[in-house]
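Thanks for coming. I have one model to go through today, so let me put it on the screen.

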Amino acid sequence: MDPTTRGIMMTKRIHIAFILIAMHWLTGCVNTTIQEVREASTSLNSKESIVILSRKHKTSGETEDDFVGCVSNKTSGGEGALSVMSERDFMDELFPWFEPRTAPLNMRELTYVISRPLISEKIQAIGVRYLVWVEGTTERSEESGALQCTVVSGGIPACFGFLSWESGSDYEASVWDINRGITVGKVSSEASGTSIVPALVVPIPFIARVQNQACISLAEQLKTFIGA
Amino acid sequence: MERRQANLLLILICVVNIHWVAGCSSDASVTITTNIPNPLIEQVPINVAIYYNDTMSQYVHSEDLGSYGNHTIDLRSQISVFNRIFHAMFESVIPVDSIDSVQGRGADAVLAPSIEKFQFAIPEQTRKDFYEVWIQYRFELYGADGSLIHSWPVTAYGKANRLNYGGMQSEKSPALREAATWALRDAAASISFSFVRQDVVRQWIQQRVAS
């Protein structure tokens with residue numbers, strides 16, 4: 001094969017490799033399960049908002065900040081969007097009552113907190129109606145395979161092998177109604193998927209974006225649950 | 001052409017690897033410049049003088065973690081954090097240079113916070129995902145005559161998840177800063193609740209208000 005033809009084929013292979021790498025964003029099968037338990041009716045008028053919070057009092061198993069941020073963003077956008085106050089803004093407005101050390105862990109403690117005139121006035125002023133407590137994590141398991149990269153003859157780096165792993169997201173959101181002082185229900189989102197990285201010279205990752213899918217599913221369910 | 005492309009790719013991979021490896025034993029020096037939100041707490045109807053010793057007002061923690069590098073955490077902004085919480089807690093706050101210089105300043109008591117212990121941990125040590133900071137303070141409340149009314153510890157804890165910073169070696173300084181910031185915030189929350197929950201302090205306040 002003459003050098004010109006070899007060069008053209010190499011260029012085509014590189015182009016194909018880039019296209020396959022880009023496709024990994026679209027592939028990677030994820031299975032999602034949503035559950036909902038309703039204990040009371042819900043409604044949100046135009047002047048009211050919700051806040052999505054994560055539990056921070058534990059030393060392990062804390063929900064990822066970017067997941068809570070993702071749920072907040074998705075819930076406040078798209079069809080059926082709700083008015084969402086950011087977690088940090090809410091904590092700042094109600095400081096020091098919703099810090100990791102001081103945040104109410106159950107409705108009884110919340111009732112005590114909001115019974116204080118300073119707190120109830122502030123909550124009325126900021127217009128928050130529902131607190132959504134999100135708990136859960138995304139974890140990776142069952143890793144298998146191996147990937148090795150080296151420099152082959154000609155100075156070209158190359159990787160060979162096959163990696164795979166399972167990812168699972170399991171989140172639950174408890175919805176508290178501040179006005180009525182009750183828990184109105186729970187929404188949970190589970191997602192699982194397998195990610196693979198085959199490598200024949202160029203590694204091509206196919207990543208199952210389970211956390212992102214869990215976020216989207218939970219946000220959509222929250223919009224339906226609260227906005228109903 | 002293909003050899004040039006391959007060489008460029010090899011150089012790129014080498015640069016990424018050097019960046020990654022160079023961060024493995026990085027030092028960290030963080031200066032905490034934080035303040036806390038306006039506290040939503042009921043005021044205690046007393047006038048308090050606040051005394052910070054030099055250790056407290058100039059506190060900088062330096063620690064050599066061996067292969068994990070030198071770490072320096074400048075905590076001097078804790079003074080502004082405490083001042084903000086004290087201004088919300090008490091009717092008036094008077095800064096003083098010593099516990100004895102309160103006479104004639106209109107203060108009912110002197111509050112003297114100090115640092116007893118400071119510890120931190122990084123993920124490389126604990127094999128967890130968190131940068132953690134622990135601070136133990138000692139609060140001493142003196143009467144206007146200089147007599148000790150009560151002394152109690154206040155602990156503060158803050159953490160930052162490394163995954164929120166991309167998991168790269170360049171995460172260390174911002175993550176440590178975040179953990180220390182949360183620790184100061186926790187300290188402010190803790191003192192705002194713990195002050196009136198001290199039985200001795202509560203009784204003293206009641207007597208003071210009644211008189």
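I will take the interface between the chains, then a pocket, then the cavities.

Some conventions. This is a predicted model, where local features need pLDDT of at least 70, side-chain atom pairs count only at pLDDT 80 or more, and totals for chains, interfaces and linings use all residues. Residues are numbered from 1 along each chain as its sequence is written, chains are lettered from A and ligands numbered from 1 in the order in which they are written, and side-chain values use heavy atoms, with hydrogens and water left out.

Interface. Chain B puts 30 residues into the contact and chain A puts in 31, contact being heavy atoms within 4.5 Å. The buried area is about 2,600 Å², with 58% of that from carbon and sulfur atoms; this is the accessible area, for a 1.4 Å probe, that the two parts lose on being put together, summed over both.

How many salt bridges are there between chain B and chain A? There are five, by the criterion of a side-chain nitrogen of Lys or Arg within 4 Å of a carboxyl oxygen of Asp or Glu. One salt bridge joins A:Asp92 to B:Arg185, at 2.8 Å from N to O. On the side of chain B that touches chain A, the elements giving two or more residues are α1 (2-22), β8 (148-161) and α5 (172-197). Helices (H or I, at least four residues) and strands (E, at least two) are DSSP runs numbered from the N terminus. The most comes from α5(B), with nine residues.

Next, the second largest pocket. Its volume is about 860 Å³, meaning the space filled by probe spheres set on grid points joined across faces, edges and corners. The grid is 1 Å over the protein atoms alone; a pocket is an open set with protein on both sides within 12 Å along at least five of seven lines, a cavity is a set of points where a 1.4 Å probe fits but cannot get out, and lining residues have an atom within 4 Å of a point. This pocket has 25 lining residues, and B:Leu163 is among those closest to its centre, together with A:Glu64, A:Thr138, A:Glu139 and A:Gln211. The largest share of the lining, five residues, belongs to β4(A).

Last, cavities. The whole structure has two of 30 Å³ or more. The largest holds about 80 Å³, and its 13 lining residues include A:Phe98 and A:Trp133.
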